[in-house]
Amino acid sequence: MAKGGGERGALLPVSADDGKGNGGGGGAGEDAALFKGSAMTRRGAVAALSYMACSVLLVMFNKAALSSYNFPCANVITLLQMVCSTCLLYVLRRLKIISFTNIDPSVPSDALFFVPFRILLRTTPLSLAYLLYMLASMESVRGVNVPMYTTLRRTTVVFTMTMEYFLAKQKHTPPIIGSVALIVFGAFVAGARDLSFDARGYAIVFVANITTAVYLATINRIGKSSGLNSFGLMWCNGLVCGPSVLFLTYIQGDLKRAMEFPYLYSPGFQAVLLFSCILAFLLNYTIFWNTTLNSALTQSMCGNLKDFFTVGIGWVLFGGLPFDLLNVIGQGLGFLGSGLYAYCKIKGK
């Protein structure tokens, strides 16, 4: 996967600029439109599909750990995911397989943490947004069944649209706004008979929606101006957020409770944690990749499209919500709105 000028490039796609201008005209087809007139490139479509696959699987493994095994410490899982992600990034960067910037990974870095300290400070708002997003998202899975979790999470698009407007002054066309309105209406219809299920669980999901919107909008604003690629942003998040989560889990006594957990040495539980950590790394990578290639709103809409599979698999594996026609209608409206957005995006409207 060498680049046109003979330099050795990163082995994985890492940013919106990766592959554009690889010397001569090589690689132009890789970033071509999905088809004639499309507003989404092939690489953008691959990024979106990769994100959706990782997201569905991660929700299932997190739900298994927190609900099926009744693991009491969601923050410990978040900490494990951060530690594994940071260690993996360190090894890959040390072996010069990846780079944290858009520079050839074989070029040595004289920075202590592979990135200049001023860049680390510049990405601090993104890291703090990521910390809130991780903590709220992990806790929100616990108190709500999977179908209703995905239904409520669909309202994230409204918050994302609002954050994009205030942070980037980005406006959207009437078809896009209409598709978002249809998604939100579907979410309320689906949850109409479940609103008394768990007020605290619902509140945490909406907090997670707000933090997700802030995080995605921050990626779009800071990520592209920092000079870091997807791996670099993940690395800075780990350096800033890891110590904070470790301190939080220690103060709350989560580490002690985790060590006393009866299934801690169960092979099944350990396999769930391992896959959760691997998928968290892949999910964070695909979130950065998808958001920088496409947009924060596209990232949110991808989250809605993958809910079709999350709802189906979650209903089968975890249950928690009896069949109800109103719920099915609401789910259908949400998927219809997501499909309308995808159509408008692909058509370039």
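Predicted model: local features only at pLDDT ≥ 70, side-chain atom pairs only at ≥ 80, totals over all residues.

User: OK. How do helix 9 and helix 11 cross, and at what angle?
Analyst: Helix 9 spans residues 230-251 and helix 11 spans residues 267-293. Their axes come within 9 Å and cross at roughly 125°.

User: What do you call that orientation of helix 9 and helix 11?
Analyst: Oblique. Angles over 145 degrees would count as roughly antiparallel, and 65 to 115 as roughly perpendicular. The helix 9 and helix 11 pair is therefore oblique.

User: Left-handed or right-handed, helix 9 past helix 11?
Analyst: Right-handed.

User: Which residues meet there, between helix 9 and helix 11?
Analyst: From helix 9, S230, F231, L233, M234 and N237. They meet F281, N284, Y285, F288 and W289 of helix 11. By class, that contact has seven nonpolar residues, three polar and no charged.

User: And helix 1 with helix 11, what's the angle?
Analyst: About 150°, with the axes 8 Å apart. Helix 1 is therefore roughly antiparallel to helix 11. Their crossing is left-handed. The contact residues of helix 1 with helix 11 divide into 20 nonpolar, seven polar and one charged.

User: Switching to single residues. Where is N62, and is N62 buried or exposed?
Analyst: N62 is in helix 1, residues 42-68. Its relative accessible area is 7%, so N62 is buried.

User: What does N62 touch?
Analyst: I77, Q81, M138 and S276, leaving aside neighbours within four places in sequence.

User: Now V189. Which helix, and buried or exposed?
Analyst: V189 lies in helix 7, residues 174-190. V189 counts as buried because its relative accessibility is 14%, and the cut-off for buried is under 20%.

User: What is V189 in contact with?
Analyst: L326, I329, G330 and L333, not counting residues up to four places away in sequence. V189 and L333 are 144 residues apart along the chain. Their C-alpha atoms are separated by 8.7 Å.

User: Last topic. Which residues does UniProt annotate as "transmembrane region"?
Analyst: The unreviewed UniProt entry gives 44-61, 73-92, 112-133, 176-193, 199-219, 231-251 and 271-289.

User: How much helix is in residues 73-92 and 199-219?
Analyst: Residues 73-92 are 95% helix and 0% strand, with end C-alpha atoms 29 Å apart. Residues 199-219 are 100% helix and 0% strand, and their end C-alpha atoms lie 30 Å apart.

Notes: Residues numbered from 1 in each chain as written. Heavy atoms only, no water. Axes fitted to C-alpha atoms, helices over the stretch in contact; angles between N-to-C directions. Helix = DSSP H or I, 4+ residues; strand = E, 2+ residues; numbered from the N terminus. Parallel < 35°, antiparallel > 145°, perpendicular 65-115°, else oblique. Left-handed = near helix turned anticlockwise from the far one by under 90°. Contact = heavy atoms within 4.5 Å. Nonpolar A, V, L, I, M, F, W, Y, C, P; charged D, E, K, R; others polar. UniProt positions renumbered as here; feature names shortened; annotations may be inferred. Buried < 20%, exposed > 50% of the residue type's maximum accessible area, 1.4 Å probe, protein only.
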